[in-house]
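Please keep the sequence and the model in view while reading.

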Amino acid sequence: MKLFLACALLLCAALHLSQSQCLEGLASMEMSADGQYVVPTHCTDPFDSTPYPIGAVWRTGDCMECLCEGGGFRCCPVEVTRPERVPEDCVLLFDEESCGFKAFNINDPSESCPL
């Protein structure tokens, strides 16, 4: 039982480490009606299956920046740096839409604080 728990912990740690790396995939080759392979014209987002044209760059909902190239896609985590100094009367929150931190006044959350 102890060995099983140790293995489970190691797998969880490995999964966490692998999530911080880039994800790559090949564009799907399609076949025309006459049986010829057609050069891919798009990539499919691996997270939500949205098609993107060759050359497109997009950001996913979980802060991955992706690039569609002729052979496939590459998605890497957006580097997020936590601000070192936050004003004392402010609270720091992570904004998933911009993949960055924003600070708001503790007493008036509608008022943003400079970072």
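Helices (H or I, at least four residues) and strands (E, at least two) are DSSP runs, numbered from the N terminus. The model is predicted, so local features need pLDDT of at least 70 and side-chain atom pairs count only at pLDDT 80 or more, while totals for chains, interfaces and linings use all residues. Residues are numbered from 1 along each chain as its sequence is written, and side-chain values use heavy atoms, with hydrogens and water left out.

**Surface**

Tyr37 belongs to strand β3, which covers residues 37-38. With a relative accessible area of 58%, Tyr37 is exposed, where exposed means over 50%, buried under 20% and partly exposed in between (1.4 Å probe, protein chains only). Together with Met29 and Met31, Tyr37 makes a nonpolar surface patch of about 380 Å². Such patches consist of residues with over 30% relative accessible area and no salt bridge, nonpolar side chains (Val, Leu, Ile, Met, Phe, Trp, Tyr) being joined within 5 Å and like charges within 9 Å; a salt bridge is a side-chain nitrogen of Lys or Arg within 4 Å of a carboxyl oxygen of Asp or Glu.

Glu88, in the loop between β8 (72-77) and β9 (90-95), is likewise exposed, at 81% relative accessibility. The C-alpha atoms of Glu88 and Asn105 are separated by 9.2 Å, although the two residues are 17 apart along the chain.

**Aromatic rings**

The structure holds 2 aromatic pairs, as set out below. Rings of Phe, Tyr and Trp (its six-membered ring) pair if their centres lie within 6.5 Å, and planes under 30 degrees apart count as stacked, over 60 as edge-to-face and the rest as tilted.

| Pair | Centre distance | Plane angle | Class |
|---|---|---|---|
| Tyr52 and Trp58 | 3.9 Å | 5 degrees | stacked |
| Phe94 and Phe101 | 5.3 Å | 70 degrees | edge-to-face |

Phe94 is partly exposed at 37% relative accessibility, and Phe101 is partly exposed at 23%. Arg82 lies over the face of Phe101, at 5.7 Å from the ring centre; this term requires NZ of Lys or CZ of Arg within 6 Å of the ring centre and within 35 degrees of the ring normal.

Trp58, by contrast, is buried at 6% relative accessibility.

Definitions and conventions: Areas by Shrake-Rupley, 256 points an atom, 1.4 Å probe, with all protein chains shown as cover.
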